[in-house]
Amino acid sequence: MVLAPAGELPAGLSGSDPGRLFLAKRSFMNNFGDKVSFIWSVADLLRGPYKPAQYGKVMLPLTVLRRLDCVLEPTRDKVLAKYDSLKGGPIENIEPLLNRASGQTFHNTSRFDFKKLLGEPDKIAANLLNYIKGFSSRAREIIEYFGFEEHIAKLDKADRLFLIVKKFGEIDLHPDVVPNRDMGYIFEELIRKFNEAANEEAGDHFTPREVIRLMVNLIFAPDRDILTKQGLVRTLYDPACGTGGMLSIADEYLKELNPDARLIVFGQEYNPESYAICGSDMLIKGQSLDNVKFGDSFTNDGLPNEHFNYMLANPPFGVEWKPQETFIRNEHEKLARAGRFSAGLPRINDGSFLFLQHMISKMKPVSDGGSRIGIVFNGSPLFTGDAGSGESSIRQWIIENDWLEAVVAMPDQLFYNTGISTYIWIVTNRKSVARRGTVQLINGANFFRKMRKSLGNKRNEITDEHIAEITRIHGDFVQGEFSKIFRNEEFGYRKITVERPLRLNFQASPERIARLREEKAFQNMATSKKKGAAAAAEIAEGTRRGEELIAAIETLDPNPVYRDREEFRRALEAAFKQAGIKPGAPLMKAITNALSERDETAEVCWDAEGLAEPDAELRDTESVPLLEEIERYFDREVLPHVSDAWIDYEKTKVGYEIPFNRYFYKYTPPRPLEEIEADIKTVEREILAMLAEVTG
């Protein structure tokens with residue numbers, strides 16, 4: 001149920017005459033706007049029993065029911081006659097025969113329709129339920145996901161049900177009047193209005209038709225020669241299919257390329273209302289409902305053993321996966337990358353990368369033709385997460401397997417419920433020979449036009465010309481103003497840990513000795529896990545030993561500052577020996593911590609193996625590009641500034657990021673100071689003039 005992109009005519013209209021083209025476009029948009037306005041006017045009847053955020057609970061299922069009612073109207077009498085002839089006969093499953101009579105993949109055997117329901121106003125609730133139950137089993141199953149039956153009694157009790165059914169009976173939603181593509185826009189505009197009323201979060205958004213068209217272009221374009229073969233059958237999957245827009249656009253596009261081709265669409269959706277709309281669309285188009293599953297794609301994969309030629313998705317942005325955390329972590333920990341999420345786990349508050357891993361698990365093997373994936377992300381998956389993080393590990397897995405073909409930056413304010421910038425990732429396991437080992441970045445951020453009227457946060461749109469240009473840039477695969485091509489390794493780096501030696505001075509001054517009393521190991525001397533008198537005795541003994549320790553340290557000269565740890569340790573041990581004290585290792589560490597301070601002029605502190613001890617406070621990291629030798633980078637960038645530094649190779653991690661904006665950044669020099677000063681003086685004069693008017 002989707003509408004044609006901007007500039008495209010409804011089926012059956014040609015654009016050879018410019019005047020007729022303008023009139024057709026205007027009629028097309030007016031028809032869409034009129035239908036939405038008419039359906040939305042039902043909201044006037046819902047005020048009172050329902051809050052604005054609840055309108056969709058009534059209006060969406062009734063819109064679907066009216067749509068199905070209009071589709072079945074031409075063959076209704078034929079179906080009822082067939083039903084009467086088969087009822088009580090020897091054939092147990094008569095549904096296929098009734099479907100054949102209806103000319104659809106569904107039917108209705110109730111004697112009611114939207115017109116006949118109005119004949120008995122006092123029985124409207126019972127008759128409407130009878131009408132719903134008269135649908136064939138699969139259609140009824142779809143309708144039940146709306147949960148509409150529970151609202152029928154509520155509307156009837158409020159004396160609104162008859163009026164609302166009558167209102168919906170006045171609108172003609174037959175496909176000859178409202179094609180499937182128009183119907184898709186009607187549903188999405190209604191849902192957008194409901195989401196605005198409910199103040200839905202930005203992650204729950206719908207994909208504009210023109211964005212889907214571009215995505216379909218990008219995954220299909222390299223296969224145009226293949227897709228024009230007669231009798232072709234291909235599969236397409238969307239794991240977050242919503243109302244089915246991506247599935248519908250892809251199906252239409254393939255039919256444009258090759259009317260003899262067949263695209264079998266698959267999907268999964270966890271929102272009941274969106275699933276019901278998608279399912280009803282599949283019913284009308286004759287697609288198999290078995291291919292569209294209800295449920296969570298992560299925890300209840302409805303198509304666990306399926307693999308697909310093409311995949312599209314626009315998963316919600318910034319939605320946490322905490323409710324599915326246990327299941328996903330178990331899947332992540334499966335051995336030998338057997339789990340869908342084995343490559344890595346993103347932050348708990350953004351599950352976008354989980355969708356892509358799920359889709360990659362459903363790619364066909366290259367020997368079986370491979371797969372192409374298009375997915376919409378915000379900017380976060382490009383660069384969020386340092387080396388060793390879940391996001392970085394996922395990027396590394398995708399890029400090192402040479403699956404990332406291209407990333408396309410889209411304009412901001414393109415989606416209905418969020419104004420953020422978005423990116424289309426094209427992922428495939430069958431790159432062309434020319435693309436192998438590379439990634440193409442396409443900057444389409446300025447490919448848009450302002451809309452005459454905003455739709456929520458959607459203030460920009462991309463036209464057919466923009467879609468064609470971005471598709472061309474992708475297909476040409478050459479460097480240019482809007483296209484950059486990089487080797488896979490250019491996105492990788494090694495995060496090295498740079499250590500510097502620990503240098504301390506020591507002094508037995510009263511101020512530093514006072515710090516010893518704050519050390520945990522010293523305080524633990526005067527504690528006890530025992531109870532009663534035994535505890536008191538142990539605490540008293542510990543307190544006494546602590547004071548003896550302090551007294552021994554105070555025998556040292558408080559003035560000298562030792563810049564060699566071993567020299568100070570020898571002096572300290574001599575004082576303890578004189579006092580007959582043998583502090584253990586934890587206590588000795590606490591003493592040296594309290595009596596020391598960092599000092600760049602001091603000698604290096606060495607460990608028992610004769611190696612320099614690193615200073616945690618001076619520890620730093622550097623990101624070294626994969627294509628550069630670590631030692632050469634270190635000699636050039638680090639040693640000239642800190643000559644005593646070294647690399648701890650055991651801490652080295654590999655990371656991947658795609659700093660998209662950096663590659664397309666254009667420096668804009670600041671205006672000359674004279675111009676800025678002139679502007680300031682002009683503003684000052686204007687302010688003074690306004691003040692003069694007020695005070696004069």
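Is Cys 241 buried or exposed? In this predicted model, Cys 241 is buried, with a relative accessible area of 4%, and Cys 605 is likewise buried, its relative accessible area being 1%. The cysteine sulfur closest to that of Cys 241 belongs to Cys 278 and lies 4.1 Å away, which is too far for a bond, given that a disulfide requires a pair of cysteine sulfur atoms within 2.5 Å. By this rule, the count of disulfides comes to zero.

With regard to the overall architecture, the secondary structure of the protein consists of 27 helices and 16 strands. The radius of gyration is 36 Å, well over the 26 Å that the globule rule gives for 696 residues, and the protein is therefore more spread out than a compact globule. Along the principal axes, the C-alpha trace spans about 115 × 85 × 75 Å.

Turning to burial and surface, buried residues make up 49% of the 696 residues in the protein, while the accessible surface comes to about 33,900 Å², of which 51% belongs to carbon and sulfur atoms. One nonpolar patch on this surface, of about 470 Å², is made by Val 683, Ile 687, Leu 688, Met 690 and Leu 691. Of these residues, Met 690 is found in helix 27, which comprises residues 673-695.

Key. Residues numbered from 1 in each chain as written. Predicted model: local features only at pLDDT ≥ 70, side-chain atom pairs only at ≥ 80, totals over all residues. Heavy atoms only, no water. Patch = residues over 30% accessible without salt bridge, like charges linked within 9 Å, V, L, I, M, F, W, Y side chains within 5 Å. Areas by Shrake-Rupley, 256 points an atom, 1.4 Å probe, with all protein chains shown as cover. Salt bridge = Lys/Arg side-chain N within 4 Å of Asp/Glu carboxyl O. Helix = DSSP H or I, 4+ residues; strand = E, 2+ residues; numbered from the N terminus. Buried < 20%, exposed > 50% of the residue type's maximum accessible area, 1.4 Å probe, protein only. Rg over C-alpha atoms; globule rule 2.2 N^0.38 Å.
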